[in-house]
Amino acid sequence: MKMAMIVAMDEDGCIGNQGTLPWRLKSDMARFKTLTESDGFNAVIMGRKTWDSLPDAFRPLPERVNIVMSRDSEWSAEDADTALYDGRAIEIAYAEACDECWVIGGAQIYSMFLERVEEVHVTTVHTSGSGDVKFPEWDRNTWAEEVVEKLAADEDNAFATTYSIWRKL
Ligand SMILES: NC(=O)c1ccc[n+]([C@@H]2O[C@H](COP(=O)([O-])OP(=O)(O)OC[C@H]3O[C@@H](n4cnc5c(N)ncnc54)[C@H](OP(=O)(O)O)[C@@H]3O)[C@@H](O)[C@H]2O)c1
């Protein structure tokens, strides 16, 4: 099972603001859907706060096994699997026979899985100071970047973006 991470961050590493995404980027939402669904049967791992931030229409994220991390053993949601620790989240994805397992945030969950994934898909949003939650410290010296796509801002995308895949060396 492939393990990958996907994140959009600004040039300061900000990923969220007041419990939600800081920007409206239609191209990035579309890419997120395409990558995390792909052609196979995939899982997404997210923190309970990110789960709470999803609009009702996208909760659970369709066509994917939704695994939500919480330390609260009482926490549950319809159509989501709860994981109380990181190994349990991976175990669920294996047990569901997933082809790919995508770590989709937020910051606390990125921090937990950064050393376990083989790829990090980063959309860099070309602005700064976007919010109150940042991607964790990440030593990119042992990772190689492939720049895949650069897009300009337009009416559907508030800022210019650069999409890269970082692969562990
Ligand atoms: N830009 C992006 O790509 C992106 C992606 C995702 C999210 N976001 C943004 O990021 C922000 C949320 O990030 P966040 O870091 O505050 O929260 P988060 O990582 O989404 O969720 C944090 C929660 O995860 C659970 N958790 C954390 N560590 C755990 C552990 N070791 N074992 C079990 N459960 C654990 C806890 O849930 P309990 O409190 O229930 O115990 C904790 O409160 C939002 O603004 C969201 O919009 C941005």
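Analyst: The model is a predicted one. Ala97 sits in the loop that links helix H3 to strand E6, and its phi is positive, about 60°, although Ala97 is not a glycine. As a general rule, most residues other than glycine have a negative phi, and most peptide bonds are trans.

Ser38 is another non-glycine residue with a positive phi, in this case near 40°. Its place is the loop between helix H1 (26-37) and strand E3. With 15 other C-beta atoms within 10 Å, Ser38 is partly exposed.

Two peptide bonds call for attention as well. The bond from Arg59 to Pro60 is cis, with omega near 0°, and Pro60 belongs to the loop between H2 and E4. The bond joining Gly105 and Gly106 is also cis, with omega about 0°; Gly106 lies in the loop between E6 and H4.

Gly105 and Gly106 are among the residues that come nearest to the ligand, together with Gly16, Gly47 and Thr50, out of 28 residues around it. At least two residues of that shell are supplied by each of E1, E2, E3, helix H2 (48-53) and H4. By residue class, the shell divides into 14 nonpolar, 10 polar and 4 charged residues.

Apart from neighbours within four places in sequence, Val7 is in contact with Gly105, Ile15, Tyr110, Val122 and Phe135. Val7 is one of the four residues, with Met5, Ile45 and Val103, that touch the most other members of the largest nonpolar core, a set of 39 residues. Elements that each supply at least two residues of this core include strand E1 (2-10), strand E2 (14-16), strand E3 (42-47), helix H3 (86-95), strand E6 (100-103) and helix H4 (107-113). The largest share, 6 residues, comes from E1. In soluble globular proteins, nonpolar side chains tend to be buried together.

Taken together, Gly105 takes part in a cis peptide bond, is among the residues nearest the ligand and is in contact with Val7.

Notes: Residues numbered from 1 in each chain as written. Predicted model: local features only at pLDDT ≥ 70, side-chain atom pairs only at ≥ 80, totals over all residues. Core = buried A, V, L, I, M, F, W, Y, C linked by C-beta atoms within 7 Å. Buried ≥ 20, exposed ≤ 12 C-beta atoms within 10 Å, placed from the backbone. Helix = DSSP H or I, 4+ residues; strand = E, 2+ residues; numbered from the N terminus. Contact = placed C-beta atoms within 7 Å. Near = placed C-beta within 6 Å. Nonpolar A, V, L, I, M, F, W, Y, C, P; charged D, E, K, R; others polar.
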